[in-house]
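I opened this notebook to keep track of what I look up, starting with open spaces and going on to charged pairs.

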Amino acid sequence: MKSNLSVRKVWIYTIFVSLFAASCSDETTVFENPEDNLVTETNQSKLDNSVSFERAGVLDIYEDPTNSAKRSGLTGKEEAGDYPLTLVAQIAPPSFTNGENLAATHVVLDGNYGYVSYNTVGMDYVGAVDVIDISDPNNPVVTSRVYYTNADLNSIAYDNGYIYVAGGVDAEQSVTATANSLIAKIEVSGGRINTSNITYAFQEGFNGTDVRIIDNKAVVTSGQNGFVVVYDKNDLSVISEAAFSDLRSVAYNGNEMAVLDAASGVSFLDVTLNEVRSISIDSDFGIDAKRTLDFSDDKIIVSEGSKGAGVYSAASGNFIDYLPILTSPENAEPGEIVTNGVAVNEDILLMANGAGGLSLSENMGSDASAVGVIELTGSINYVASKGDYIFAASGKSGFQIIKLNRPTESLVSSCENLATFSGGSTYTVAQGNEEAFSGSKRFNSITVNGSLLLCGSWTVKEDLTINENGLFEMNGTIVIGRANRQRDVIVKAGSTLRVEGTMAVYGDIILEEGATLEFLGDNPIAAIWGSVSKANGATITGTFNDYYNKF
């Protein structure tokens, strides 16, 4: 994957060496009122059209062969997999006159909104910011977009009604910029960006690489010959700063801050930016390439390019293990296969591996074991995960919104008296059998000849078929098929499908003669992508949310 931190912009530094001899503090200047280099997208139709559902639906995971062999070894057949993921939508990169080559670089999540930054691969300094409303998991909406015609935006953070972006500016072409690395504080409310009063600050370094809000401070790192600078988040005045060779990222675990220097490794810093301890790392982090780090309990995970993700003890700095880059059976698209970013969400670790895709590992105890590569398109530059969502920035492919489909605590409680599912991925219930399970699994297909109750969260890659006089009951969430690979739910003569929760079908529901579809509980949802076919004598009962108006 080509660098997203602007390897082509290095020539500017030689110009600025002669112009700036003062310290970083002397050059860091705050400006009110932005220049005329901002363009707000006012065409809501263009924003709406940037959201694509073409590949929405069930996501497969190309599993690590070792992990897959363990699951199928005892039974001789493939067992149902964990992590029933679904792709909600893809957001195409912004595009405007003189800005047709933007790529997603960073994502931050807060409440019902995702905030995305973009930069430009090439000679131009052009960036953008998107705000996406994800309050409806079936229908994300781009609510606001601003283009920067004179700046790359490489990282973004959110705090209390403001977004903070870090990036690079062509200072030679700017009236106000005193150095190439910038931070901007921009008001956002109700999903709308307000550009009428933006605060800027500038610092040395080829390009601003990362920004993080820690308490009342905004911490920004800049790349080669740059600094880590702590600003007052309110007015962007400088509190403290420290010089480093080549900073790429900053992380915080609630107690201490760590920065990743491509020239040396990880440095743990106190509140005055003095180095408390360090982890020496000699990996090739690439020139100006995006690399991140994240804390996970007592460990720190470092994206180390071709080596994958390095796992270290945060306290001692001792090396624990490398999580290697996994590639899908269909092979990765051409380009570099390197770990650009890592993200931790409870018990899972996600690795953005460039052309190697997005991999998922189980991060439990002192060890982490690879599960596999999530079925996504594009080269994955960055990953963020919070709550039930994963946001993957995939360069020119924009970014992709993934739902983990974790069962809620109340659902887990209601299912606790049922046995946990441990059967095959192609699952069949024999005629006369009555089975009931709890869990969170992904299936290839389900065929019910007898009676089956599934309580939890489930995905089905292929068809769900309930044969004559069969009964399938679902409490929780189930998703079948995907938009570009539609599959059906077939309820045959005399059989019953009973839904309590959410059923999403990327395909058709076919109710044969005498079949019954029942909806139970409070406001169940039926999101049917295809059509509903109802033969004579088939019945549909209960009150429900017909999400796409297909009934």
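**Pockets**

I began with the second largest pocket, whose lining residues divide into 10 nonpolar, 11 polar and 6 charged; here Ala, Val, Leu, Ile, Met, Phe, Trp, Tyr, Cys and Pro count as nonpolar, Asp, Glu, Lys and Arg as charged, and the others, Gly among them, as polar. This is a predicted model, in which local features need pLDDT of at least 70 and side-chain atom pairs count only at pLDDT 80 or more, while totals for chains, interfaces and linings use all residues. Residues are numbered from 1 along each chain as its sequence is written, and side-chain values use heavy atoms, with hydrogens and water left out.

I noted that a pocket is an open set of points on a 1 Å grid over the protein atoms alone, where a 1.4 Å probe fits, with protein on both sides within 12 Å along at least five of seven lines, and that lining residues have an atom within 4 Å of a point. The second largest pocket holds about 600 Å³ of space, a volume being the space filled by probe spheres set on the points, which are joined across faces, edges and corners. Of its 27 lining residues, Asp388, Lys403, Asn405, Thr477 and Thr502 lie nearest its centre. Strands S7 (86-91), S41 and S43 each give two or more residues to this lining; strands are DSSP runs of E, at least two residues long, numbered from the N terminus.

I then turned to the largest pocket, with a volume of about 740 Å³ and a lining of 30 residues, of which Val108, Arg212, Tyr382, Ala384 and Ser385 lie nearest the centre.

**Charged pairs**

I counted 19 salt bridges, each a side-chain nitrogen of Lys or Arg within 4 Å of a carboxyl oxygen of Asp or Glu. Glu473 and Arg498 form one of them, at 2.9 Å from N to O; because Glu473 lies in strand S41 (residues 471-480) and Arg498 in strand S43 (residues 496-505), the pair ties together parts 25 residues apart in sequence.

I also looked up Asp159 and Lys233, whose closest N and O atoms in their salt bridge are 2.6 Å apart. Asp159 lies in strand S12 (residues 151-159) and Lys233 in the loop between strand S18 (227-232) and strand S19 (238-243), so this pair ties together parts 74 residues apart in sequence. Lys233 is buried, with a relative accessible area of 11%, buried meaning under 20% with a 1.4 Å probe and protein chains only.

Note on methods: Helix = DSSP H or I, 4+ residues; strand = E, 2+ residues; numbered from the N terminus. Buried < 20%, exposed > 50% of the residue type's maximum accessible area, 1.4 Å probe, protein only.
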